[in-house]
Amino acid sequence: MKDTIDQTPDRKAWMGLMANAPQGRVTVLLEAALPQPAHTWLRAPEIGSVIVRGRAGGTGAPFNLGEMTITRCALKLTGGEVGHAYIQGRNKADAEAAALVDALMQTGAATVMRTKVLGPLEQEQVARRTTRAEKAAATKVDFFTMVRGED
Amino acid sequence: MQAQTLEGGFAHPATDAAHAFRGVMEAMARPGTIQILAGATPPAPLSAAAGVALLTLCDTETPLYLAGEADCESARAWVAFHTGAPITGPSQCMFALGTWDALAPQTAYPIRTSEYPDRSATLIVECAALAADGASLTGPGIRDSASLSLPEIQAFHDNAALVPLGLDFVFTSGDRIAGLPRFGASVPLNTGDMACDRRISAMFKDLPGGQVLGPTFDYTHRLLDFKLAAEGEVSDAPTREADQGPVPHVTEFLDREGLIEDAPQDDTPPPDLTHEPLEMPAARADEGFSLGLAYSTRRGYGRNHAFVRELRIGTVPVEMDIPELGFAIEIGHVTLTECETVNQFKGSKTESPQFTRGYGLVFGQTERGAISMALVDRALRWEELGEDYEGAPAQDTEFVVYHADNIQATGFLEHIKLPHYVDFQSELELVRKLRRDIEAPQQRRDAAE
């Protein structure tokens with residue numbers, strides 16, 4: 001019955017990866033990887049909002065910038081492993097899938113999860129980021145100033 | 001964390017919470033009646049009713065004080081997971097839970113102020129037994145009188161003498177508003193981590209990392225040709241190999257010489273307008289309104305000559321602390337536009353001449369909004385910087401803040417299209433009467449001639 005995850009950085013990484021995935025993606029990958037495991041809800045999927053904060057001047061006092069929507073849930077597998085999900089947007093199926101993956105990562109199914117779900121998600125995320133960055137890099141410019149006779 | 005502390009919440013959150021809330025409301029509205037609250041199984045020593053009350057009344061915005069034995073690891077973990085309520089001391093709390101002896105003294109809790117009589121603490125007192133006998137109760141909500149086994153009597157007499165101030169006890173209160181439940185707040189964004197689509201500076205042409213124009217129509221004249229998108233003939237954007245490291249702000253240039261004011265990190269939590277009355281300065285402005293105000297500063301109304309030190313558009317990860325996990329995780333990402341301006345400042349009695357800053361940060365890809373916010377931000381700071389008040393609208397915090405809120409402005413403006421039949425009838429009557437008063441002497445004069 002213990003929620004024994006000691007690899008916090010690892011877990012942070014996969015939860016963040018699933019939170020940033022495009023809508024529907026985690027659900028599709030999980031369905032393709034495994035038949036859905038039995039589970040009970042600790043907190044059924046619910047939709048809410050989170051205040052997003054910025055800092056004055058980028059570094060100073062925090063201020064409330066606005067809100068974003070979040071779907072979260074928590075569940076327990078029959079083996080007792082607890083999975084949590086906090087994902088951007090309003091998609092309960094994705095939150096459920098993300099919590100299932102989080103729980104399954106604590107079981108013998110971890111390797112399957114890594115190769116069939118988290119691996120592809122990571123590749124897709126890297127590809128998305130690279131494309132964006134390369135498009136931006138293509139617009140990089142140099143400005144030249146005419147010599148004004150100062151030297 | 002024990003899975004047990006994650007269990008024991010409402011099995012059917014919507015219906016259970018509605019029943020529980022009704023029960024708490026009944027208990028509050030009819031003092032002395034005993035309601036049955038069930039549906040939650042909190043860890044010992046919390047009672048089921050106390051657990052239900054916490055689930056119903058507490059959330060991330062209601063600091064909770066756990067007194068005495070109630071303050072144990074399992075209770076804290078359960079409260080954190082199911083309600084997210086921050087645990088605090090008695091002087092800061094909105095709710096407190098414990099036995100009567102553990103909660104004492106009552107003077108430790110916030111009572112109301114006459115301006116905000118809804119801000120007192122509510123004490124959830126755990127009793128060994130609760131029965132309809134003992135102290136006699138009279139007052140609003142009670143027909144004739146009721147009886148309740150109170151742990152003592154004098155304390156409640158003292159509290160009653162404070163009306164309309166004072167504490168709420170046990171089976172009490174709360175004002176629940178329909179809407180999205182708020183799970184908390186993000187860790188303040190670090191815009192230095194932004195994956196930039198665009199990043200330019202109007203002040204430094206040799207920006208480290210380069211001037212990245214991104215999707216823009218700067219330097220080009222562009223006529224809209226609707227055929228391009230309609231016929232699907234949009235060519236792919238060109239690409240170039242990119243370095244994807246973090247993109248720090250262009251701060252070091254002026255900071256090194258102390259030529260620009262500092263914005264030291266400060267972790268005071270910002271006030272929330274939905275919970276606290278508006279205090280100046282604050283803004284959540286409509287873009288069009290900020291644009292107009294910002295333009296007015298450029299035209300001389302509260303002039304502040306601004307340079308765009310840096311303007312960037314991109315995505316930033318949003319992190320949030322998750323109490324049940326005990327660490328922060330990324331919960332998604334947002335597209336932001338950030339603008340930093342630098343303004344001349346002649347100095348005042350206390351400050352040396354230096355450059356000051358204006359700051360704009362907005363959701364989405366809208367540099368006009370970000371630049372406007374930075375200009376208005378700087379204009380509003382005249383008092384802090386000891387500048388002259390010129391009576392310009394952009395310098396008037398009250399004017400800016402109260403008229404910038406799109407929701408409020410729209411609501412107040414658009415309600416005039418809804419029925420005002422009675423209002424208009426009374427105005428019509430008034431105008432007819434005034435006309436009669438003017439016309440009657442005229443007619444008399446005409447008749448006399």
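Biologist: How much area is buried between chain A and chain B?

Modeller: The size of an interface is often given as the accessible area lost when the parts come together. In this predicted model, chain A and chain B bury about 5800 Å² between them, and carbon and sulfur atoms give 60% of that area. On the side of chain A, the residues that lose the most area to chain B are R53(A), Y86(A) and F143(A), together 11% of what that side buries.

Biologist: How many residues does each chain bring to the contact?

Modeller: Chain A brings 58 residues and chain B brings 68 residues.

Biologist: What is the count of salt bridges and of residue pairs in polar contact between the two chains?

Modeller: There is one salt bridge between chain A and chain B. In that salt bridge the side chain of R132(A) meets the side chain of D197(B), at 2.2 Å from N to O.

Biologist: Which elements of chain A supply at least two residues each to the side that touches chain B?

Modeller: They are the helices α1 (8–19) and α4 (110–137), together with the strands β1 (39–55), β2 (62–77), β3 (82–88) and β4. Of these, β1(A) gives the most, with 12 residues. By class, this side of chain A holds 25 nonpolar, 17 polar and 16 charged residues.

Biologist: Let us turn to a single residue. Is S290(B) buried or exposed?

Modeller: A residue counts as buried when its relative accessible area is under 20%. S290(B) has a relative accessibility of 10%, and therefore counts as buried.

Biologist: Where is S290(B) found, and what does its side chain reach?

Modeller: S290(B) is found in helix α8 of chain B, which covers residues 287–298. Its side chain reaches the backbone oxygen of D286(B) at 2.8 Å. Leaving aside residues up to four places away in sequence, S290(B) touches A285(B), S372(B) and V376(B).

Biologist: What is the mean pLDDT of chain A, and where is confidence lowest and highest?

Modeller: The mean pLDDT of chain A is 87, and 91% of its residues reach 70 or more. In chain A, confidence is lowest in strand β4 (residues 140–141), at a mean of 83, and highest in helix α3 (residues 92–104), at 95. Over residues 1–5 of chain A, however, the pLDDT is below 50. Beyond near neighbours in sequence, that stretch has 13 contacts in the model.

Definitions and conventions. Residues are numbered from 1 along each chain as its sequence is written. Chains are lettered from A and ligands numbered from 1 in the order in which they are written. This is a predicted model: local features need pLDDT of at least 70, side-chain atom pairs count only at pLDDT 80 or more; totals for chains, interfaces and linings use all residues. Side-chain values use heavy atoms; hydrogens and water are left out. pLDDT is the predictor's confidence in each residue, from 0 to 100. Helices (H or I, at least four residues) and strands (E, at least two) are DSSP runs, numbered from the N terminus. Contact means heavy atoms within 4.5 Å. Buried means under 20% relative accessible area, exposed over 50%, partly exposed in between (1.4 Å probe, protein chains only). A polar contact is a pair of N or O atoms within 3.5 Å; within protein, one must be able to donate a hydrogen and the other to accept it, and residues adjacent in sequence count only if both atoms are side-chain atoms. Buried area is the accessible area (1.4 Å probe) that two parts lose on being put together, summed over both. A salt bridge is a side-chain nitrogen of Lys or Arg within 4 Å of a carboxyl oxygen of Asp or Glu. Ala, Val, Leu, Ile, Met, Phe, Trp, Tyr, Cys and Pro count as nonpolar, Asp, Glu, Lys and Arg as charged, and the others, Gly among them, as polar.
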